[in-house]
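Please open the structure in your viewer and keep the selection panel at hand.

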Amino acid sequence: MLYVSKPPFDNPAPKPLMPLTRPTFVEMDDVSVTYGAVGSELALQAFSVRIATGEFAAIVGPSGCGKSTFLKLASGLRPPTAGGVIVGDKEVAGPLKFVGMAFQNPALLPWRKCLENVMLPLEIVEPFRSRKRRDRELHRARARDLLKAVGLPDAADRYPWQLSGGMQQRVALCRAIVHDPRLLLLDETFSALDAFTREELWGVVQALWLERQFTAVLVTHDLTEAVYLADTVHVVSSRPGHIIHSEVIDLPRPRDPRQRFDPGFADTVLRLRQKIAEARQ
Ligand SMILES: Nc1ncnc2c1ncn2[C@@H]1O[C@H](COP(=O)(O)OP(=O)(O)OP(=O)(O)O)[C@@H](O)[C@H]1O
Ligand SMILES: [Mg+2]
């Protein structure tokens, strides 16, 4: 039987972790990471998690606890110092092609128009790369359709610096998924946006995820965002990070921003807030 995470720890979750019928997509077992020489301080220690195929997981925890480090392991950008990282049934041995990432800073190339920014992964990732010349028009159409899908039909021929921060972040999301990744990693992608824009982008990401059914992992400091978007929220301890609490968010889909004001939603946010307060001590 598969679980989204190992059963927790010192405080049992109010809702038990539910057995999943879907296979595991991301699996970490007893992982440690150190950034310095062997023996230097660990960033992650005894970090174990399971994320099911097609699941939307959120990772929350104090600053510096190792959340971005976890994303580096899941994308293959960094190997663990000890322990195993399996993504899509294979032990991770280097950067994975079927991953898309979006960060707090949209990091668009200012000299490229938005359409060309979105197309960037198609120039790098196989099998798109080898078909770059032949399928150029198909690739352009693919990028253009995505910009339309996130509400930016007129941005294709504009430069990133001609757009607002929220619009740039939509372009960055298109770039993250244009190559149809099986795993989307979001590292505080919405945290620099104003509250209304952030809420709009939650809707955009939820719609993309429901339509395309990739596995998603969101790292965030915003517990409302985590509960709104995720199937499961994992709380990480302070450094060296490991998961101290995992909670299934049993709200119907598609979710609506008004649900945030339901008592059950608010209770879940408060409970997670308490777990993070404990983690910071
Ligand atoms: N390249 C690096 N070299 C040395 N130490 C690093 C490096 N990257 C991260 N660390 C350290 O590892 C720990 C975990 O870092 P990480 O960036 O994963 O934390 P985080 O949970 O993402 O923090 P934040 O919420 O502030 O983004 C931190 O204490 C950090 O200082
Ligand atoms: Mg980080």
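This is a predicted model: local features need pLDDT of at least 70, side-chain atom pairs count only at pLDDT 80 or more; totals for chains, interfaces and linings use all residues.

**Ligand 1 and its shell.** Select ligand 1 together with the 13 residues around it; Ser63, Gly64, Lys67, Thr69 and Arg239 come nearest. Colour this shell by residue class: six residues are polar, four are charged and three are nonpolar. Next, highlight helix H1, residues 67-75, which supplies four residues, the largest share of the shell.

Display distances from the oxygen atoms of ligand 1. At arginine 239, a side-chain N or O atom lies 2.5 Å from an oxygen atom of the ligand. At histidine 221, an N or O atom of the side chain is 3.0 Å from an oxygen atom of ligand 1.

**The largest pocket.** Which residues lie nearest the centre of the largest pocket? Select Val99, Gly100, Met101, Pro121 and His179, which hold that position among the 18 lining residues. The volume of this pocket is about 440 Å³. Then show strand S8 (99-102), helix H3 (120-124) and helix H5 (165-177), the elements that each give two or more residues to the lining. Finally, colour the lining by class: 13 of its residues are nonpolar, three are polar and two are charged.

Technical notes
Residues are numbered from 1 along each chain as its sequence is written. Chains are lettered from A and ligands numbered from 1 in the order in which they are written. Side-chain values use heavy atoms; hydrogens and water are left out. On a 1 Å grid over the protein atoms alone, a cavity is a set of points where a 1.4 Å probe fits but cannot get out, and a pocket is an open set with protein on both sides within 12 Å along at least five of seven lines; lining residues have an atom within 4 Å of a point. Grid points are joined across faces, edges and corners, and a volume is the space filled by probe spheres set on the points. Ala, Val, Leu, Ile, Met, Phe, Trp, Tyr, Cys and Pro count as nonpolar, Asp, Glu, Lys and Arg as charged, and the others, Gly among them, as polar. A residue is near a molecule or strand if one of its heavy atoms lies within 4 Å of it. A polar contact is a pair of N or O atoms within 3.5 Å; within protein, one must be able to donate a hydrogen and the other to accept it, and residues adjacent in sequence count only if both atoms are side-chain atoms.
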